[in-house]
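This report walks through a protein chain, one region at a time, for a reader who is new to structures. Please keep the sequence and the model in view while reading.

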Amino acid sequence: MATNPDNNEVKDPEMGPLDNVKFFEPKNKFEEPKKRKYPGFRKNIYDYFTEFSSNTGIHGFKYMGEQERSFTEKFYWLILFCISLYFCIYLIIQTWLKWDQSPVLVSFAQSPTPVWQVPFPAITICSETKTRQRVYNFTDYYHKVRDDMIAKEKNISAASNLTDEEIQKFSDISLICDNHLYSEGNKTTSFETIEYLISIAPPFGEVFMGCKWTSMNETCNNLFSPMLTEDGICFTFNMLDRSELFTNAVYLHGDYMGHDKRSEGWTLENGYPKDEGKDTFPRRAMSAGSKAGLFLLLRAYEQDLDYVCRGPVQGFKVLLHHPAEVPRVGTQYFRAPLNQEIVVAIKPDMMTTSAGLRNYDPHRRQCFFAEERQLQFFQNYTQQNCQVECVANYTRTRCGCVAFHMPHEESTKICGSGSNQCIFEAEQELLTREVESGLHRFEGDEEEGVSKAECDCLPACTSITYNAETSQADFNWPMLFQGFKANFSEFPGIQMTRLTLFFKDMQFITSERNELYGQTDFLANCGGLLGLFTGFSFLSIVEIVYFLSLRLLCNIKMYGVHFWSGSKTLLNDDAYLHK
């Protein structure tokens, strides 16, 4: 092989010259690779997280962000942080559920309430004598009607020959007697029935013989007013006038339930005005004890007593209730038997609600404020007024009429004795549906006049009930008369009962609904759990937002978009291109 010294061509003596063949020096194997101009996103975010973790107060992040730490150490701290965060979230959820399901805590008030801050209870008294035997002998007519019914069943002629008017009177009176006695009358009746029941009942002057209020003799007419109840005509002390008790939708036939005394600024929620004197209405007792209470001397006449209409117990029913609600004498009462002295020590039980619960849903706090529930028939919302209205509406829907004592509109029909069974069944059905609704948490079919939740009669947020402690002894009034050499022969067959009612204590403890957790309490609870398990606080949120916004923008402005992490390691690395 020969080489031309001029052009370095290689010639092969056998194959000829090798045209265009060039020889290069071999590349240096230690030559550095081509440099990258700027760090990538992954490197920036890694260094940025390292800087965040070294500055934050959240537990464990410091160790997870250290670049010199091994993967095992970082993973160890990551697992611990996740476990701690799990328990923290679990406890926060439990706290939320407790607050959501039971937001109300009932506790005692910080100080006792004096009895003069609350009204003396309204007292309703009903005589067990529904008809004066001297005016109408119910027992005699009961047997005549019963004999006629038996004769009718046997298809034989009746021996009594009662007229339609006599049967109608008996049917009317059976409305205030036991339900099982007679239910064969007309389905509806007229307002004349109420007038007739008033005319045959013991009059006011025969029932009350003497009255004292706060040890001062007063005429009983000034203290008591007639009241229409399921027991017929009763007499009530210290209840609001009909104009302040009922709405304009209620029709009242007659002048009962009226006394023309006004409440003078008193309300159920706010009580008495601060500048109100001691002589106000509803009346209030200035202290505890019998001298600051109500004293009554009641009477009945033996010749007027009837043992068929209401059974063997004679005397009076007594009911204590709130002045702004109607009494339900048939369900809540205690007895004052004849020829007995009854002493009643009254203990108020009051429940109030803090203003912090006003923004809660009524069903969460389990009570209604006065402005939240407007009743159709009553101006003041109480649980008992709501129940009375609901029973009246349900009875009207089911029976097509209402009982004579229920609130109603003028166009509503009044039930006669033929509807006694329907009225009784309506009350039982409504009670059953209310109980089932509470037990199973479901809503029944909607009916006219009744909501899906039926009555939905939650307690009023400010409510007061009166508990009674009674004691009794023989009232030997004949010996008293003999001792004073008084002549009581002018009252043949008279039977007396003495009744004394008063507050037991000067003060009582009020219960109060409060928030289980307020917003501040709930945040403090959650903050405490977050701080305990993770070291997290409000400033930690600010810190995270700062690193994701303001600090990031400032870094970009100071170091450019390629070095947005602001890492000194990247800024001082000569491997990258720097401006």
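Thr-353 lies in strand β15, which covers residues 340-353; helices (H or I, at least four residues) and strands (E, at least two) are DSSP runs, numbered from the N terminus. The model is predicted, so local features need pLDDT of at least 70 and side-chain atom pairs count only at pLDDT 80 or more, while totals for chains, interfaces and linings use all residues. Residues are numbered from 1 along each chain as its sequence is written, and side-chain values use heavy atoms, with hydrogens and water left out.

Is Thr-353 buried or exposed? Thr-353 counts as buried because its relative accessibility is 13%, where buried means under 20% relative accessible area, exposed over 50% and partly exposed in between (1.4 Å probe, protein chains only). Not counting residues up to four places away in sequence, Thr-353 touches Cys-367, Phe-369, Cys-461 and Arg-513, a contact being heavy atoms within 4.5 Å. With the side chain of Arg-513, the side chain of Thr-353 makes a polar contact of 3.1 Å, that is, a pair of N or O atoms within 3.5 Å, of which, within protein, one must be able to donate a hydrogen and the other to accept it, and residues adjacent in sequence count only if both atoms are side-chain atoms. A polar atom of the Thr-353 side chain also lies 2.8 Å from the backbone oxygen of Cys-461.

Arg-262 is found in the loop between α9 (242-245) and β12 (294-301), and with a relative accessibility of 39% it counts as partly exposed. Leaving aside residues up to four places away in sequence, Arg-262 touches Asp-241, Ser-243, Glu-244 and Phe-281. The side chains of Arg-262 and Ser-243 make a polar contact at 3.4 Å. From C-alpha to C-alpha, Arg-262 and Phe-369 are 23 Å apart in space, and they are 107 residues apart in sequence.

Phe-281, one of the residues touched by Arg-262, is joined to Pro-282 by a cis peptide bond with omega of about 0 degrees. Pro-282 is likewise found in the loop between α9 and β12.

## The nonpolar cores

In soluble globular proteins, nonpolar side chains tend to be buried together. A nonpolar core is a set of buried Ala, Val, Leu, Ile, Met, Phe, Trp, Tyr and Cys residues joined through side-chain atoms within 4.5 Å. The largest one here has 94 residues, and those with the most contacts inside it are Phe-120, Ile-125, Phe-208, Phe-224 and Leu-294. Helix α11 (residues 383-399) gives the most to this core, with seven residues.

Ile-125 touches, among others, Phe-208, Phe-224, Cys-234 and Leu-499, not counting residues up to four places away in sequence.

## Two residues with positive phi

Thr-214 has a positive phi of about 50 degrees although it is not a glycine, and Thr-214 is found in the loop between β8 (208-213) and β9 (216-217). Asp-456, also a residue other than glycine, has a positive phi near 55 degrees and its place is in the loop between α12 (420-440) and β17 (463-474). Thr-214 is partly exposed, with a relative accessible area of 28%, whereas Asp-456 is buried, with 19%.
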